[in-house]
Amino acid sequence: MSALEAVFRPGSVAVYGASRHPAKLGHVLLRNVLTGGFEGRVVAVNPSREEVLGRRSVDRLGEPVDLALISVPARAVPAAVEDAARAGCRAAIVLSSGFGETGPEGKWVEERMRGLARAAGMRLVGPNCMGVVSRLPGGWFNGSYFWRLPGAAGPVSLVSQSGAFGGMFFAEARRRGLGVARFLSVGNSADVELTEVLEWLADDPATGVVGVFAEGFRDGRRFVAAAERCTARKPVVVLKAGKQAAGARAAASHTGSLAGSHGAARAAFRRAGVIEAVDSDHFFDLLSALAASTVPAGPSLAVLTISGGPGVLAADAAERLGLRLPPPSEATRARVRELAPPFAAGGNPVDLTPQCPPAGFPAAVRAVFEDPAYDGVVVIDCGLDVAELGRGVAEAAAATGKPVTAFVLEAPRVEEALRAAGIPLLPSPERAVAAYQARVAVAPRPDREAG
Amino acid sequence: MAALSEWESKLALGDVPRPRERLTATAAEAVAFARTLGGPVVAKASGPVHKTERGGVRTRLGPEGLASVWEELAALGDGRVLVAEQVEADYELIVGGVRDPQFGPVVSVGLGGVAAELLRDVTFLLAPPRPGELELALAELRCAPLLRGWRGAPPADRAELTRIVAAVSRLLEEDEEVVEVDCNPVMVRGGRPLVVDALVVRR
């Protein structure tokens, strides 16, 4: 069993710092492991050997488990790491804080713990992290401080240099019904760092889409190599924090510093075929779109709407993102004219208008979907809750296999039909287009060998 | 940190498109060279950094004008004067190279000229660039239409631009001591980019 296999799919776990006091993080951690759905053996480690959550604890591990979770005060961490290493654990996650983030002394302790672990053949995740969450056949393995997990299992995995961002991730996943496979917070990365996790996720069959939250890259070129290998199989979406700090350093007049080091990161993402999110909303939008499907889409888009203004916003966004909005074919236009009111707009956006007779929607929608001018469709519906429209979109999407994203506002029946069809629903017209663009961004590029 | 002179920097860059130019050791040599160019020339003091700020660059000179400023420029620098054909640019680019602490050597291509710092229209490439990457990077620039040939002008010569980018990349790759390369300006005239000034900084 590899160390990251032990982190994400442990058969047995030890929790250091398991405490009886519900306010203590060690207590939260043990409770999370026990209640998440983990089916393996769990050993509670506590120097006072008290009973915690109905199980006896031990003061030393003494026997090997796959993964040690360490949540004890900083000064007690090295001893816990040593105990886990001596017992023969494959990996340890140190959730405790108070190390490299506090200064050079803490950095030195990290180094020492890493040496201790490595000498015993154990790998170290953290310190100063939120832990691991992983979907196993029996349920969630929650080796983290998070007590609210994603609602659904699915293809999205996240490796994060920020622990707190994991909380945002789980909240968004619940809100959007986004299915999650793995989460790991790498903290100070004393030993295991982001790139190594990315390498593991590339080979993980449960992971279909990889999200990366990064503040910096220890070895940028190794990251590029790992990400390139990963994007040949599954999309990688990166949210890079600290873009502006780099820009602020850019006062010097020479080109090299004009865009600061974020320019270098962008060059790296371009080479690796990684999709870079602009901000956290965009990041989750991209993950939602790619969780629905990773089949590449073409850039030729129909904006299909019953809402004039919001449809135009979508068209603006499409142009800004380099997508094409060709007019529908004459045949499509003729069909739409038969079904929709005479004032419906037969350009692109194709505006069927709220006055379109409900019975006309399925065929009109179908005509737009079937038009060979379009690789895909973005649906914009503000407030028209007509079941036929939702049904029409769901049926046309299924029949043509064309990629679709949608913005639906206060139209529960339409929303329900689209959701059931697996069509990603986004919170604004522009974001629906940006999410569509994610599917274009995963298309093979001429300068890269096809995955 | 040691900045190479313009001439040394250009020699280090090697085979990149440049204006016709020569480092002259006497006024007579300079004037004779200027006559072979047949048009106005630029004369630059050789050696000093920030030569423009120090009055070491004179533009649009004829042979007589060149003769009259040669001694003064020579005295500003190392006793020699760089004489080059005057290039009237349609627009200017900057091609640079730095070592990024995380990603190592990177090459940048951006819009130059007086508004360069204002517009900050610059794109980066990991060095050495792969085939096709320059095109993708250039497409990200806001000034991409300019490089494709704006208002009927010829497009910026990709092969020549590729040579400049490759030369900057090679300097960073081959010499660990090189910390910064700056081809500024790269003047584009009729689609042809020319490295008009260059600076290489070594550790």
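Which residues does A:Ala92 touch, not counting residues up to four places away in sequence? In this predicted model, A:Ala92 touches A:Ala68, A:Ile70, A:Val81, A:Ala84, A:Ala117, A:Met122 and A:Leu124, where two residues are in contact if their C-beta atoms, placed from the backbone, lie within 7 Å. Residues are numbered from 1 along each chain as its sequence is written, and chains are lettered from A and ligands numbered from 1 in the order in which they are written.

A:Ala92 and A:Ile70 are the residues with the most contacts inside the largest nonpolar core, which has 199 residues. A nonpolar core is a set of buried Ala, Val, Leu, Ile, Met, Phe, Trp, Tyr and Cys residues joined through C-beta atoms within 7 Å. A residue is buried if 20 or more other C-beta atoms lie within 10 Å of its own, exposed if 12 or fewer, and partly exposed in between, with C-beta atoms placed from the backbone. A second, separate core has 17 residues, including B:Ala45, B:Leu61, B:Leu73 and B:Leu82.

Chain A is divided into domain 1 (1–130), domain 2 (148–294) and domain 3 (295–441); such bounds come from an automatic or database domain assignment. The centres of domain 1 and domain 2 of chain A, taken over C-alpha atoms, are separated by 26 Å. Their contact takes 19 residues from domain 1 of chain A and 14 residues from domain 2 of chain A. On the side of domain 1 of chain A that touches domain 2 of chain A, helix H1 (3–8), helix H4 (104–119) and strand E7 (123–125) of chain A each supply at least two residues. Helices (H or I, at least four residues) and strands (E, at least two) are DSSP runs, numbered from the N terminus. H4(A) gives the most to this side, with 4 residues. By class, this side of domain 1 of chain A has 11 nonpolar, 4 polar and 4 charged residues. Here Ala, Val, Leu, Ile, Met, Phe, Trp, Tyr, Cys and Pro count as nonpolar, Asp, Glu, Lys and Arg as charged, and the others, Gly among them, as polar.

Several strands of chain A are paired, which requires that DSSP finds at least two bridges between two strands. Strand E2 (residues 41–45) of chain A pairs with strand E4 (residues 55–58) of chain A in the parallel sense over 2 bridges, and A:Ser57 in E4(A) is the bridge partner of A:Ala44. E4(A) also pairs with strand E3 (residues 51–52) of chain A, in the antiparallel sense and over 2 bridges; A:Val52 stands opposite A:Arg55 in E4(A). The hairpin of E3(A) and E4(A) has 2 residues between the strands, and A:Leu53 in this hairpin takes a positive phi near 45°.

Another part of chain A holds an open sheet of 4 strands in the order E16-E15-E17-E18, with parallel pairing. Its edge strands, each pairing on one side only, are strand E16 (350–351) and strand E18 (404–409) of chain A. Strand E15 (residues 301–305) and strand E17 (residues 376–382) of chain A pair over 5 bridges, with A:Val303 opposite A:Val378 in E17(A). Helix H12 (residues 308–320) of chain A lies across E15, E16, E17 and E18 of chain A, at about 165° to E15(A). Angles run from 0 to 180 degrees between N-to-C directions, and axes are lines fitted to C-alpha atoms, for helices over the stretch in contact.

Chain B is divided into domain 1 (20–85) and domain 2 (91–202), whose C-alpha centres lie 27 Å apart. In chain B, 4 strands form an open sheet in the order E2-E5-E3-E4 with antiparallel pairing. Strand E3 (residues 41–45) and strand E5 (residues 81–85) of chain B pair over 5 bridges, and B:Leu82 in E5(B) is the bridge partner of B:Lys44. Helix H2 (residues 27–37) of chain B lies across E2, E3 and E5 of chain B and runs at about 10° to E5(B).

Between the chains, 21 residues of chain A are in contact with 27 residues of chain B. H10(A) gives the most to the side of chain A that touches chain B, with 9 residues.

Conventions. Predicted model: local features only at pLDDT ≥ 70, side-chain atom pairs only at ≥ 80, totals over all residues.
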